[in-house]
Amino acid sequence: MTTLATVGYYEEWWIQILKALIIFAVALGILPMIIIYERKLLGRFQSRYGPNRVGPFGLLQPLAEVIKFATKEPFRPSTSVGALFRLAPVISMLTAVAAFALIPFGDVQNIFGTPVGLYGIDVSIGPLYLFAFGAIAFYGIMLGGWSSGSKYSFLGAMRGAAQLISYEVSQGLALVGVIMTAQTLSLTGIVGAQKGMWYIVPQFFGFLIFLTAGFAETNRTPFDLTEADAELVGGYFTEYGGMGWISFMFAEYLNMMVVAGIVTTVFLGGWLMPFGIHPPGWVDPFVVLAKMFLLITFFIWIRATLPRLRYDQLMSFGWKVLLPLATLNALVTAVLVVVTH
Amino acid sequence: MWNPGDDIVEVQRTPAPGAARSTWRTFRETVRGLKTTFGRLVEGPVTVQYPEEKTPVYPRFRGRHKLHRFEDSDPTHPGLEKCVGCSLCAAACPADCIRVVAAENTPEHRVSAGERYAAVYEINLSRCIFCGYCEVACPFDAITMGHDYELSDYDRTDLIFTKEMLLAEPLERTPLRNEGE
């Protein structure tokens, strides 16, 4: 039996900085693609085209929007708390990127004679790191909503706080089953433990619970009560415009990618291919990206389908359904692990 | 006290929170919803890309008016105008947007087939409600409703269409719906 705290491979400091830059660039490069993909696909789900005016097939729409937002006047309400109002989007963005560093895009590869792990960091406490940053991300929402000095923002932030706390528990418990089966907390270790069978098969309920809680964590429909455009104008970022708003938006989409990446890593075998195919190491990131892409498509599909839940429904679903199921899942897994070992 | 009578409609309630059965029902309905949206994805968009594509209009569509001439064999010499300046269209117009000033035809200067002709014939299209009463009122079928509906302009005065504009062959910008379409 391996110890729980297996420390992964660490590179030289300059490789780590390089990796950080690459992860940041890749994340921010994929985001506009996801945004245009979501809008196009959402359109198709609703029998319309989606944006198709800017550039070929409307593909330059996110670029046009970024230019528009970047050139907007930074405005804040007179009732807002200045420093915190500016800090909140930064926190959201920072935690999203930090969580993104955790996703392993491949094992340690030999690049020009230097062994480099195709991940930001392989911490020995992977899921804990993830939930730690998830908890800090909640400060972005909370501070953003509170410092706006607007009742709608504040309501959205309060809802966000309650929602995040409720669903983080179930999300964590859904991961406990996987961690017990894999006997490691390192995400690369969890991928390695899936060589025989992806965890979506033995941990299917864990997968469903994690995915559902993931929707709530990323504030996507049907759990987008923090935003709830119809009742709360825009939720916690009602008062934001320009770059502040776009930071929140990017953080949200980045969180969606993080959830997709974690689900890929933990349940869908990360960079492993099915049917025992072993491609060369450079294919690994593309395998992970393809799996993430499929999950994001599913996220968009759900968004096109389900209406927003009522607040009491959200809470009772989180505490009365999801949490008992997640607990049961962890319990049954624990018993099975003890019996089989 | 008010008696609702037979008007009570039974509504299926949303799943009561907390029960495992309602969770299953929600899950089943979610899958059904996913199937529905996926069907729309397969069907493809129904959007008409308006400025590039246009929905064809029906033959009896009431668009911008046209004034007519008698058809003539000589192409260099256009036929006489059908309008005799009787102002019945102006009288019938509920929006009061037609202005007709009649003048006498003379043997040297014959414009219309009747005794008189419309020296001024203006339709203020910013007022017109496209009811088609002018067309009905006209005893000579001199004015009819065309198919053109793209009438926006930058200046209100440009929307006052003169006789020459109404007589001119309009740009056919609107596709006509074929029979059975």
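Me: How many residues does the contact take from chain A and from chain B, and which element gives the most to the side of chain A that touches chain B?
Reply: In this predicted model, local features need pLDDT of at least 70 and side-chain atom pairs count only at pLDDT 80 or more, while totals for chains, interfaces and linings use all residues. Residues are numbered from 1 along each chain as its sequence is written, and chains are lettered from A and ligands numbered from 1 in the order in which they are written. The contact (C-beta atoms, placed from the backbone, within 7 Å) takes 17 residues from chain A and 13 residues from chain B. On the side of chain A that touches chain B, the element that gives the most, with 6 residues, is α11(A).

Me: How do the residues of the side of chain A that touches chain B divide by class?
Reply: Ala, Val, Leu, Ile, Met, Phe, Trp, Tyr, Cys and Pro count as nonpolar, Asp, Glu, Lys and Arg as charged, and the others, Gly among them, as polar. On that basis, this side of chain A divides into 7 nonpolar, 6 polar and 4 charged residues.

Me: Are α3(A) and α4(A) roughly parallel or roughly antiparallel to each other?
Reply: Helices are DSSP runs (H or I, at least four residues), as are strands (E, at least two), numbered from the N terminus. The axes of α3 (residues 82–100) and α4 (residues 126–147) of chain A come within 8 Å and cross at roughly 160°; axes are lines fitted to C-alpha atoms, for helices over the stretch in contact, with angles from 0 to 180 degrees between N-to-C directions. Angles under 35 degrees count as roughly parallel, over 145 as roughly antiparallel, 65 to 115 as roughly perpendicular and the rest as oblique. The two helices are therefore roughly antiparallel.

Me: How many charged residues has the contact of α3(A) with α4(A)?
Reply: Residues of α3(A) including Leu84(A), Phe85(A) and Ala99(A) meet residues of α4(A) including Leu130(A), Phe133(A) and Gly144(A). By class, this contact has 16 nonpolar residues, 6 polar residues and no charged residues.

Me: How are α1(A) and α10(A) oriented to each other?
Reply: The axes of α1 (residues 13–45) and α10 (residues 284–305) of chain A come within 10 Å and cross at roughly 45°. Among the residues that meet are Ile34(A) and Phe45(A) in α1(A), and Ile296(A) and Trp301(A) in α10(A). The two helices are therefore oblique.

Me: Is Val258(A) buried or exposed?
Reply: A residue is buried if 20 or more other C-beta atoms, placed from the backbone, lie within 10 Å of its own, exposed if 12 or fewer, and partly exposed in between. Val258(A) is found in α9 of chain A and, leaving aside neighbours within four places in sequence, is in contact with Ala96(A), Ala99(A), Phe100(A) and Ile103(A). With 29 C-beta neighbours inside 10 Å, Val258(A) counts as buried.

Me: Is Asp96(B) buried or exposed?
Reply: Asp96(B) lies in the loop between α2 (88–92) and β2 (98–104) of chain B, and has a positive phi of about 55° although it is not a glycine. With 11 other C-beta atoms within 10 Å, Asp96(B) is exposed.

Definitions and conventions. Contact = placed C-beta atoms within 7 Å.
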